[in-house]
Amino acid sequence: MTTTTPPPTPSLAQRAAVHVMPTYGEPRATFVRGQGSMLFEADGTAWLDLLCGLAVTSLGHAHPAVARAVGEQATTLVHTSNLYLTPPAVELAERLARITGWSDAKVFLAQCGATANEAAIKLARRHGKAQHPEKVRVVALEGSFHGRTLATLEATGQPAKHVPYEPLSGLVDHVPFDDPQALTAAVGDQTCAVLLEVVQGEGGVRPVPPEVLAAARDACDAHGALLIADEVQTGMGRTGPWFAFQETEVVPDVLTVAKALANGLPIGACIAHGAAAEVFGPGDHATTFGGNPVTCAAANAVIDTIEQGGLLGQAASRSRRLVAGLTSMIGTAPYAAGVRGRGLLLGLELDAAVAAEVEAACRDRNLLVNAVAPDVLRLAPPLTISREEVDLALATIADALRAVAVTHP
Ligand code: PLP
């Protein structure tokens, strides 16, 4: 009697290769569960997550308060559209007004960072066109990242990302991220907005110099344009305060936030105050899913948890520990050359273009960080990370640096 062996069960990666568009390249691991700062594979292998799904899960994975809020809301009311009001969306707008410190803030709720920025760009155009029909141009910074929709892609100061989608509108002017004079010169009467990150995240964890922020504010005031701070990555305590601009001398007219707002559920918000808050009227902008009660309930739980747990203060203390540990690697571990960033959005500068190799060596040691530039390793741990987890991450990074030095002499 002959026996036939059943064909091997395909892995998730093999199945994904068949039916998932390959926009993200080779998958690097498969996770089935998360808890706090840890992610787990199906066989139970634990990984320390210092990337937080690209600066998203700031309260750690499976946070009980968020899980409870999602569960309760999912069994109460999931969706109504924006033709009707639901308590979680209004309560979120109120909370965002409180933590921005803008008592006159008005909020448009979107689905992600790109759609929050789309709302902000449309708002600025509407504001500009009310002054002059050609006041529709946007000034943005080189190296910036604002999203992948057509308008936010064009605002993104990374020309290589534009090429496959050209022609674009031609209405965005990019200036160097560290040149206040160039920014002042680029803003004119046709400019409706200056759009910038306070710390460029995807651009390599690069804090924008205070002089550039001040020049942006002054140029916007001089020309009746709106200053939009894209705090999609820096917001919700990632760099220290609720929003990175709150540690600067400059107050934007419009703020966008997403990523960590609902600790992993898709959400974005465009928050305006002053005259900018009065721009949109009925029919000017809309979305089916924005303001979804479940995602808003999660965001409300995130804000309450950060406030009640004093997590901004705790994150500042973990940041000091992490910065001290990374700084001590300079001169003692191979490649380590500098530390930049703010709060828990940090970049370890390397003196060679080996960040991808170091990321891979960290992965070999079950630590998630990422090569945000050829010579910069990004760390974005949860605000809830423990001291012991910080120390484990530091020891692992040092070990990974040494391992890369052995294989890349
Ligand atoms: N703005 C900034 C500063 C970002 O870092 C990102 C994403 O990395 C975006 C916008 C786009 O956000 P999303 O991917 O949620 O559309």
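**Around the ligand and an aromatic pair**

Student: How far from a nitrogen atom of the ligand does a backbone N or O atom of Phe145 lie?
Tutor: This is a predicted model, where local features need pLDDT of at least 70 and side-chain atom pairs pLDDT 80 or more, while totals for chains, interfaces and linings use all residues. Residues are numbered from 1 along each chain as its sequence is written, and side-chain values use heavy atoms, without hydrogens or water. A polar contact is a pair of N or O atoms within 3.5 Å. For the backbone N or O atom of Phe145 and the ligand nitrogen, the distance is 3.3 Å.

Student: How much of the ligand's accessible area does the protein cover?
Tutor: On its own, the ligand has 390 Å² of accessible area, by the Shrake-Rupley method with a 1.4 Å probe.

Student: Which residues around the ligand come nearest?
Tutor: A residue counts as near if one of its heavy atoms lies within 4 Å. There are 13 such residues around the ligand. Those that come nearest are Gly113, Ala114, Asp230, Gln233 and Lys259.

Student: Which helix gives the most to the shell around the ligand?
Tutor: Helices here are DSSP runs of H or I with at least four residues, and strands are runs of E with at least two. The helix you want spans residues 113-129 and gives three residues to the shell. Its name is H5.

Student: How many residues in the shell around the ligand are charged?
Tutor: Let's sort the shell by class. Four of its residues are nonpolar and five are polar. The charged ones number four.

Student: What is the angle between the planes of Phe31 and Trp47?
Tutor: Aromatic rings pair if their centres lie within 6.5 Å, with planes under 30 degrees apart counted as stacked, over 60 as edge-to-face and the rest as tilted. The count comes to two aromatic pairs. Phe31 and Trp47 form an edge-to-face pair, 5.3 Å centre to centre, with an angle between the planes of 85°.

Student: How far apart in sequence are the parts that this pair ties together?
Tutor: Phe31 lies in the loop between helix H1 (12-19) and strand S1 (33-35). Trp47 lies in strand S3 (residues 46-49), so the pair ties together parts whose separation in sequence is 16 residues.

Terms used: A polar contact is a pair of N or O atoms within 3.5 Å; within protein, one must be able to donate a hydrogen and the other to accept it, and residues adjacent in sequence count only if both atoms are side-chain atoms. Ala, Val, Leu, Ile, Met, Phe, Trp, Tyr, Cys and Pro count as nonpolar, Asp, Glu, Lys and Arg as charged, and the others, Gly among them, as polar. Rings of Phe, Tyr and Trp (its six-membered ring) pair if their centres lie within 6.5 Å; planes under 30 degrees apart count as stacked, over 60 as edge-to-face and the rest as tilted.
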